Amino acid sequence: MQPEFVPGLRLCRAFYTEAVRPLLDEAYPGLPHAAARIGPGSEVLGFDTPRSADHDWGPRLELFLSPADVARHGDGLSALLTARLPKQVGGWPTNFEPADARVRVMTPTTGPVAHRVQITDVATWSVQRLGFDARAEPTTLDWLATPTQRLAETAGGEVYHDGVGELTALRRRLRWYPGDVWRRVLAAQWTRISQEEAFVGRAAEAGDELGSRIVAARLARDVMRLVLLLARRFPPYGKWLGSAVAALPEAAGIVAALHRALAADDARQRQASLCDAYEAAGQWQNRLGIAEPVDATRRPYFDRPFPVIDAGRFAAALTGEPAGFGSVDQFADSTDVLDHPELTRRIMRGVSAP
């Protein structure tokens, strides 16, 4: 029997205050550190449910020391936690098995605890997760080469203690894009829409109902990411994309339009509902005042009978030039690419080269 579910961030706070911090204070009194639950994990974005407990969820922690203290105390501290952590917190096991596996599951134990306390320093964690040392101001390459999922994991979660302030400063620095980068990423998102917005009707006209529905779904996904960017939220990866958009009260009308588009059996209704969403997103951008206003009304696609928003107009208003590639996950969506920061940086350098 599992205990009653609690949000993971709350459980991890209890793990720190009730289990880890007392051992730190006893064995390493006054040791400067920060403790947080950031990085991968559904709880970091607030999307965990009882289902999440089946893997990589539970009493976990990122424990940040100085590089010198990691070298001096890291192994000893990890051994201390293995030997003396309580076997459970709030009824949830603190032991994770298999101990050396990529995916681990909470498992009761009567012996040493294979814990999920990552002992690291801010610079090392940042380079491993993001591909750059975010203790300094990120460059444009840093921003664009980092998938939005990883930025969301860094800005999200919760810091339970920061005796130095370095981690807090890093998270403040990565809270959102600088204005020029934000406009560039928004422009690239509008450009993606512009490249396919007429195809819903054209595929249906050619007798390809399945193709029309697939294009509509692709466009709905692009609108959802656009909405999050307009709301200054880093879009998460596919599993949580709908949950993230649904959490925005100001996006309710757009969400309803996308539901209508994906449920429509008639291609004309499908395209009309997508245009409802485009118009609302265009009006949203106009309200932000980050670019010259653009007439956010649908129009024919040249002389063809397919209504579009002509999304490229919004991209041009944001940057005054072709949007380019935007961020890496606006033109590459392979997990095998996006999970490797060194690869995303090489790709971004390549597409940015003159």
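Mentor: We start with the sheet, then go on to the cores, the backbone and the salt bridges.

Two ground rules come first. This is a predicted model: local features need pLDDT of at least 70, side-chain atom pairs count only at pLDDT 80 or more, and totals for chains, interfaces and linings use all residues. Residues are numbered from 1 along each chain as its sequence is written, and side-chain values use heavy atoms, with hydrogens and water left out.

Now the sheet. It is open and has 4 strands, in the order β7-β2-β1-β8, with mixed pairing. From one strand to the next, the twist averages 20 degrees. Two strands pair if DSSP finds at least two bridges between them. Helices (H or I, at least four residues) and strands (E, at least two) are DSSP runs, numbered from the N terminus. Strands of a sheet pair through backbone hydrogen bonds, either parallel or antiparallel.

Look at one of these pairs. β1 (residues 34–37) runs antiparallel to β8, with 4 bridges between them. Arg37 has Glu158 of β8 as its bridge partner.

Helices pack on this sheet. Helix α1 (residues 8–27) touches β1, β2 (61–64), β7 and β8, and its direction makes about 20 degrees with that of β8. Helix α3 (residues 122–130) touches β2 and β7, at about 110 degrees to the direction of β7. Contact here means heavy atoms within 4.5 Å. Axes are lines fitted to C-alpha atoms, for helices over the stretch in contact, and angles run from 0 to 180 degrees between N-to-C directions.

The largest nonpolar core has 75 residues, and Tyr177 and Trp190 touch the most other members. Helix α9 (residues 209–230) gives the largest share of this core, 11 residues. Tyr177 has contacts with Trp143, Thr148, Leu151, Trp182, Val185, Leu229 and Phe234, not counting residues up to four places away in sequence. A second, separate core has 30 residues, including Leu11, Leu24, Leu63 and Ile119. A nonpolar core is a set of buried Ala, Val, Leu, Ile, Met, Phe, Trp, Tyr and Cys residues joined through side-chain atoms within 4.5 Å. Buried means under 20% relative accessible area, exposed over 50%, and partly exposed in between (1.4 Å probe, protein chains only).

Cys12 counts as buried because its relative accessibility is 0%. Cys275 is also at 0%, so it counts as buried. The disulfide count is 0, by the rule of a pair of cysteine sulfur atoms within 2.5 Å.

Some backbone details stand apart. Most residues other than glycine have a negative phi, and most peptide bonds are trans. The bond from Glu97 to Pro98 is cis, with omega near -15 degrees. Pro98 sits in the loop between β5 (96–97) and β6 (105–106). Arg232, not a glycine, has a positive phi of about 60 degrees. Its loop lies between α9 and α10 (238–246). Phe302 also has a positive phi, about 50 degrees, without being a glycine. Phe302 is in the loop between β9 (299–301) and β10. Phe302 counts as exposed because its relative accessibility is 70%.

Finally, charge pairs. The whole structure holds 26 salt bridges, each a side-chain nitrogen of Lys or Arg within 4 Å of a carboxyl oxygen of Asp or Glu. Glu153 pairs with Arg129, the closest N and O atoms being 2.7 Å apart. Glu153 lies in helix α5 (residues 148–155) and Arg129 in helix α3, so this bridge ties together parts 24 residues apart in sequence. Glu153 is at 6% relative accessibility, so it counts as buried. Arg129 is at 17%, so it counts as buried.

Asp276 has two arginine partners. With Arg260 the N to O distance is 3.1 Å. Between Arg298 and Asp276, the closest N and O atoms are 2.5 Å apart. Arg298 is in the loop between α12 and β9, 22 residues from Asp276. Elsewhere, shared partners join Glu209, Arg213, Asp265 and Arg270 into one salt-bridge network.
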